[in-house]
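I opened this entry to look up sheet pairing and core packing. My notes follow the order in which I checked things.

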Amino acid sequence: QVQLIESGGRLVQAGGSLRLACTASGRTFSMYAAGWFRQAPGKEREFVAVANWSGARTSYADSVKGRFTISRDNAKNTVYLQMNSLKPEDTAVYYCAAASGSYPPLGYEYWGQGTQVTVSS
């Protein structure tokens with residue numbers, strides 16, 4: 001079992017920056033790829049970014065490419081999402097997820113409870 005807890009979400013003005021963190025407990029986090037997803041009100045959950053077990057391989061949704069950066073510190077069992085140049089359309093609940101197996105993941109076994117990011121215009 002892996003437990004994931006997100007933090008760092010808050011209200012921020014458009015153009016601002018935020019760094020989300022997802023801390024894992026339980027099994028060795030470095031065994032898992034880690035991803036970020038988001039869900040805006042009335043919309044389906046969507047993929048944001050993913051990093052492989054070491055963080056050397058990453059992938060991003062087109063909507064965040066060039067603005068968001070995923071990274072991880074396996075010594076701290078933590079994956080980060082640095083979000084720059086935030087836009088109101090980035091407003092959503094952001095979820096962290098962990099996946100075992102091949103990269104990129106075909107599915108995610110573990111999910112956090114989410115952290116709210118609100119970007120005001």
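I started from a single pair. Leucine 20 faces leucine 81 of strand 8. I am working on a predicted model.

Next I looked up the strands around that pair. Strand 3 (residues 18-26) runs antiparallel to strand 8 (residues 78-83), and six bridges join the two. Threonine 23 sits opposite threonine 78 in strand 8.

I then moved to strand 1. Strand 1 and strand 3 are also antiparallel, over six bridges. Here serine 7 stands across from alanine 21 in strand 3.

I get an open sheet of four strands in the order 1-3-8-7, paired antiparallel. Strand 1 (2-7) and strand 7 (68-73) each have a single partner strand, so one side of each has no neighbour in the sheet. From one strand to the next the twist averages 20°.

I went back to leucine 81 for contacts. Leaving out residues up to four places away in sequence, leucine 81 touches Leu18, Arg19, Leu20, Trp36, Val48, Ala49, Phe68, Thr69, Ile70 and Tyr94.

Which residues of the largest nonpolar core touch the most other members? I find Leu4, Trp36, Leu81, Met83 and Tyr94, out of 31 residues in that core. At least two core residues come from each of strand 1, strand 3, strand 4 (33-39), strand 5 (46-51), strand 7, strand 8, strand 9 (92-99) and strand 11 (115-120). Another core, of five residues, lies apart from this one; Val50, Ala97, Ala99 and Tyr108 are among its members.

Note on methods: Residues numbered from 1 in each chain as written. Predicted model: local features only at pLDDT ≥ 70, side-chain atom pairs only at ≥ 80, totals over all residues. Heavy atoms only, no water. Pairing = 2+ DSSP bridges. Axes fitted to C-alpha atoms, helices over the stretch in contact; angles between N-to-C directions. Core = buried A, V, L, I, M, F, W, Y, C linked by side-chain atoms within 4.5 Å. Buried < 20%, exposed > 50% of the residue type's maximum accessible area, 1.4 Å probe, protein only. Contact = heavy atoms within 4.5 Å.
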